[in-house]
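Have the model open as you read.

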Amino acid sequence: MDKLQYADVNRDVVRSLVETGRGYYTTLAIAIAVTLICFFFPWFYQLFYGIGAAGNNHPAVWGTYLASFIFWIGLSHSGTLLSCVLHITNSEWRKAMYRSAEAMTLFSLMVAATMVLVHLGRPWFVHWTLPYPNQMELWPNFKSPLLFDVMAVTTYLTGSTIFIYMGSIPDFAAVRDRTRGWRHHMYVLLSLGWRGTDTQWHRLNWAYTFLAVLIIPLAVSVHSIVSWDFALSIVPALHQTIYAPYFVVGAIYSGTAGIVTVMFVLRKYMKFEQYITQVHFDNLGKLLLALSLIWTYINILEVFTGWYSGTSSEHEAMKFKMFGYYAVLYWEMILFCAFLPLVLISKRFRTSFLPMLILSIAINIGMYTERFLIVGTSLSRQYLPDAWGLYVPSLVEISILIGTLGMFTTMFLIFVKIFPSVSIYEVKETMDKPEKKQSEGGAAWQTTS
Amino acid sequence: MANYIVGLFHEPDSALAAAGKVKAAGLGTPELLSPIPIEGVEEVLGKKKSAIKRFTFFGAIIGASSGFLLAAVTAVLYLHPTGGRPIITFPPFLIITYELTILFGIVATVLGFLISARLPAIRERIYVPESAVDKFAVAVACDDGDHSRRAETILRDAGADEVRAEEVQAAAQAATEQSG
Amino acid sequence: MNIFERFTRGWQKYRRPGYYEKFDYAWTMTVDLDRCTGCEACVTACQAENNIPIVGDKDIAKGRQMQWIRIERYWQGEYPNAKLSFIPMLCQHCDAAPCETVCPVSATYHNQDGLNTQVYNRCIGTRSCAVYCPYEVRYFNYRDHHWDAPLEQQLNPDVTVREKGVMEKCTFCIQRIRMAKDNAKDDGRRRVRDGEVQPACVQTCPAEALVFGDRQDPQSKVSKKMNDPRAYRVLDELNTHSSVVYLKKVDADG
Amino acid sequence: MHKRESHNDMSTIDRRDFLKLVGAGSVGAGAGFMLAEVNKHPVEYLIPYAVPPEEFSAGIATWYNSVCSMCPAGCGITVRTREGRAKKIEGNPSHPVNQGRLCALGQAGLQVLYNPDRLTAPSVRAGDRGASSFTQITWNDGLARVGERLTGLHEKGQGSRICFLSEGVRGHLGNLLELFMEQLGSERLMHYDFAHPQTLYAANKRFFGEDSLPYYDLENTRFLLSFGADYLGRWISPVHHSLGFGRSRQSGHDHRGRFVQIEPRMSVSGAAADEWIPAKPGTEGILALGMAHQIVSQGGYTGDDQGEWAAVLEQYSSDRVADQTGVAADTITRLADAFANTRPSLAIGGGAAANGSNGVDTLMAVSALNYLAGNIGKAGGMLFNPPPAFGSTSQSRQASYQAMTEFAEDARQGKIDVLIINGANPVFSLPAAGAFAEALAEIPFIVSLSSFMDETTAMADLILPSHTYLESWGDDVPEPGIGFPVGAISQPVVSPLYNTRATGDIILALGQQMGFEAVLPWATTENFLKACWQKIHARGATTEAADDFDSFWRSILQAGVWGENVQNANRSFVIDQGVVNDIGVEAAEFSGSSDAYPFVLHPYLSNALYDGRAANLPWMQELPDPMTSIVYGSWVEMNPITAEELGVSEGDLVKVESPHGEITVPVFVYPAIMPDVIAMPIGQGHADFGRYASNRGSNPISIFAPQIEPKSGSLAWGATRVKLQVTGQRVDLLKISGESRELGRNIIQTTSAWEGATEHAQIDSIPISVVSS
């Protein structure tokens, strides 16, 4: 293929929005079906029956719903956070992938928020957690770590939405001119009348940088706060100072792996081979390697401090996690998240697409397991041995877990048809400056079809 | 109703040079329309000041104070002693403060951006559709024919691929018609 | 009083740990482990008084039993020197309760009587209080429980029946405390007399292991029990300042 | 206060009819939507009265004193009612037996009253016997059917072909049954309770010449030796014993009572004891005599008959006894010395130890121990009870297992024409129940007065369901007494829920039908009771110094309890020489050879389900067993060593096989049981006892050897050997406890110092100490 030209970028991106194959519709239909059958149907049953539809019990009152919540929040962590960090550090390779990474943030956050609803015993009263003036003069309890969560997730959701939208305004404008029908009207509205003047670019650059600076500490705080839901309790094995960094690292780790997965899919099925290249996989691979080492280190620390504490409660909780009912899962997590990623040392591995995909999926399975073990095993082994129990997820929970994958996929599939999933203007920035007249000339901006 | 002379360039440097010449010729500061942000605009067309940082700063300040006040005032309004803690207690309220600081900061930044970038566009302004693809346009506002001619000459000399005159309404309409 | 003074006063007031200058009552239960025989009469008494549902064998198999007061049992040693000790475990009504801070909607809080209260209507079912409680005495309604007719006729009208998705726990029989306070008021007394109010478990305990009263009253039975050198709190190292005080079991040979 | 009298006002209109009427009215008034809603949820009213009684006021509780009938201890209860419904049963503080306290089983009495599986109307068998198909009939019809049969037999002078089999009924109601049967000309009035301490009565009769149980003064004792008696569990009067235990332990005495429990499997009392000593099953009596030997040989006994005692006890030297019992010789001597030197001390015996093949001998040995240590008639020891103030029929009418088998034999030979069953459930609680059920099948006409469908009632031809104890009148004398004559009146606390009648009323109605008016002139049980209490009032020896009967009656109803100012607890006791020579215990015999059946089955009464009669109460099903925390099911307890040898762990199903049957139950590994003993609770395994009990667990009684304790004729239910067969299947044992080890967490703290407040108080009484924020 010839060297990419500016016009090719517009063409390719608009094509990705407008040209929709049968494969896309099939996938979308399957994703929607999975969402409905595996998520909404069991959830409605649970609403009717009560949380008893899940496998929770007396000591283990929390279960996979919360594990899924942390997982999805964690997955959300790389997108916007990474995008911000790379934006501030002016990394070139960010530019082709950040849009879909941010989208991943957005949708995993939405799925995470849904998981809160699923987790609640009485989700129809979820609005009571919001500070709105009401006739009964009731307010939420701002001392609660769960309310920190509400505030943090809301802020993060708002911030990520604004961030991805703001970065897309020039692209909406570019796409606006090449689409017709309802799409055109939608993009007219979405682009807010963007013209691409020097002043507008200047303002966008400033605002975007400010946002990036604000969002980095926000993202760190979000997962720290999620960790505090656990660490601020006095449950043995959860009440740990290391939990906030542990969660943040784990979140970025699983998020980065998530990006690799999404990149692979985009590259392969949205035909972005020329935009998403080995460079990206190479860089993401290095990042994954670094994160996996930090993650492993914190895990060793956790075990060490637990062991060194010398208390029965810490020991038993740890023993249960490592050698108890869920020992297989623990060692699976160690294998997937600590040992397998070591192959990333090889550059050849990092630049091979399919192995990277497999590894990224393995890491995320491992990371889900980590969250499951945190929620599922610690609560079973608390202070009073007489009250110990065992938590086993029910079919409803497993189904809902699969359903959330469907939900995420559905949202992502809809996203790629609305948002330019590769940033047009930032990709152009990374390309050589056009030297000659473009082949399509002045008509390049015109509507295709 | 304003008339513009628009020069289209295929690469940013010559467009920027042309814009500098236009400005130097006393034809006012031209607008540069480009598919990507052009580096070095400020050296040529003068420093740009933006109020966004003030928005961000005051947004964050308001966020911080309203965050703490929200937590503290509602705690006093709805007196529910919990866990042997004081009603107004710092560690948790500081987290609320932190989050609201960022939330308000973000919202204020967006507001600042929209206001300072004149978005959403309410009035019709010069727009060159090619500039969203691969053309770098220099738009010079010209009130009379003399200005127009001078601008056209400068742009052509600077190596514009194409120079054309545009009327704002007409241009906007044309763009709309063509695409719609 | 100018605004500044009002502010500083309010500030001092709201910065006081635990908020209350003094509780109206500080209801306390003492449990004499040397007397407890593990007979579980308290469990049924509580179930009867507080409309605690019969969850059924299927839910028990899932570990969803509901007993606001339960008997924990701990074996020591091996045959033939095995020993078994019982300890009744109920909501400790901690003055520094971990469960209270975590509720996002303030469904559980500390009232003027020193009770850790659970407001069923406000509960949204996050179940975090049960996680934060180190004593594991909070029980969740995993489903709507029903009583086979006519068992529902036995339900105590002074106590609500909880719906699915709501956390519940021992209230120290708050309905009886209310009744006693009302009676005291009707009689023109300022305070409830010692022994005038007893939770169902205390009332029924055949070995008289449980004693209930106001620890602010130095003459009350609980105050005296608390001054017993055997007094201790379970998991005291967690600094929960619980209102249930245990009296050590006497090991005469040890 | 006479609570129920004004209740007659509403006898003209039945409560449910009234509700139907009102419901119909509101349907007529409502719109279509309302019609649907009403049909979905039939209208019910908070206040069930058409004309409420005078003391009724909505929203305010009314309390009625009565007597608990859940077990034979006879605790006084106070029932809290609101809007005409019983809400809570509490102990009656004035009743000397339980002093305001109540056990779990007593609390659950409400679920007898409001049990969903109650029999609601008289009904007659429709299909084959035991097929549990019945059609409802009216009371007149039902009574006429019985009356016809009875009259027929009575007129022919064949009254002896009528049998009345009842659960233990004390008080005047027992007299009423006696009167009725006497009129019929039948001697066959039998009371049968599985857990009745028959051997204890027999042993006391032999040793002390007493026909009633003595009072065991746990409260004041300083040393208690219990030979298998689970006095805090279900032995005789658990609530009273618990009170005594608690007070002996910690009550500001200058001493703390020491409790020693000797039994092969640790019971609740064993857990509470300071020392638990496992002795081989059936050798408890030998152990007691070993201690007696030690006391006598050490000169601890100084009576005139010292020599005779020494001679009798000669063969029980501690070494030999140690051999036989498996208890170390120095333990025996230590305990014997402590028992003799700590005054007052007390020895009791019960449980499986008292129900082996040598049950009576064992209990005699225990009494001997008490006698030798000088504990008879002393506070803190064993006190004699005065004869009951009234209605002392139950013990003499109590049918032994031997009597039951004889009765079954008679039935098989066609000597029984009519059997009236009142509450007893022998098909469940007799071993070899199949044979007994076959015998029942030979009886042409069986009437059941039970409130519930149970295994025996399922065999009935006619069911005349009786009220529960909370709906009927009665009175009771607690047995054992508490040292002075006490009586208590049981009164209805709610109006009858269903179309049932009190047992007494049924008897009186039958009597009327048969023309016994001269002897049974009363229309209702209430009238009968009043007539009886008029006699007691006339005696004058009451604590209530009331002038006329009405105020006397009202005052005892109000108090719920009545006592006589008679103190004869400390009657002197001189032992008969024949008794001394009678002392001696042989090791118990077991059914099944020890080679083929290596384990001794140690059954015990379930804390919650008693002898199985409470298995249909959901609260009791869901009440964790104190020692194992198991709910809803049966299990077999075995030592960890045994479990290891068998290769089983908790939840593994094993087949427990005796020479007389087999049952399959899950294993529970129990740290405090002898390795060659397995234990099982009695109470589960009902075939037909309502939705909560049916087909749940297994009934160990069904594999008991039908062995008779020779000296009392009672069932030696601790005399079965079994073998275990691993099935390879497993189930999840439903239990509440997770890990029952403390793991060094110091949750239950202990101290060796118990006296004197020398240390500083460790608990601050400041509500909030400063919590930093």
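## Ground rules

Contact here means heavy atoms within 4.5 Å. Helices (H or I, at least four residues) and strands (E, at least two) are DSSP runs, numbered from the N terminus. This is a predicted model, where local features need pLDDT of at least 70 and side-chain atom pairs count only at pLDDT 80 or more, while totals for chains, interfaces and linings use all residues. Residues are numbered from 1 along each chain as its sequence is written, and side-chain values leave out hydrogens and water.

## The sheet in chain B

Chain B has an open, antiparallel sheet of 4 strands, ordered E2-E3-E1-E4; strands pair if DSSP finds at least two bridges between them. Strands E2 (31–33) and E4 (162–167) of chain B sit at the edges with a single partner strand each, so one side of each has no neighbour in the sheet.

E2(B) is joined to E3 (residues 136–142) of chain B by 3 bridges, and B:Leu33 has B:Ala137 as its bridge partner in E3(B). Helix H5 (residues 145–157) of chain B lies across E1 (3–9), E3 and E4 of that chain.

## Where chains A and C meet

The contact draws 46 residues from chain A and 47 residues from chain C. There's 1 salt bridge between chain A and chain C (a side-chain nitrogen of Lys or Arg within 4 Å of a carboxyl oxygen of Asp or Glu): A:Arg122 meets C:Glu163 at 2.5 Å, N to O.

Conventions:
Chains are lettered from A and ligands numbered from 1 in the order in which they are written. Axes are lines fitted to C-alpha atoms, for helices over the stretch in contact, and angles run from 0 to 180 degrees between N-to-C directions.
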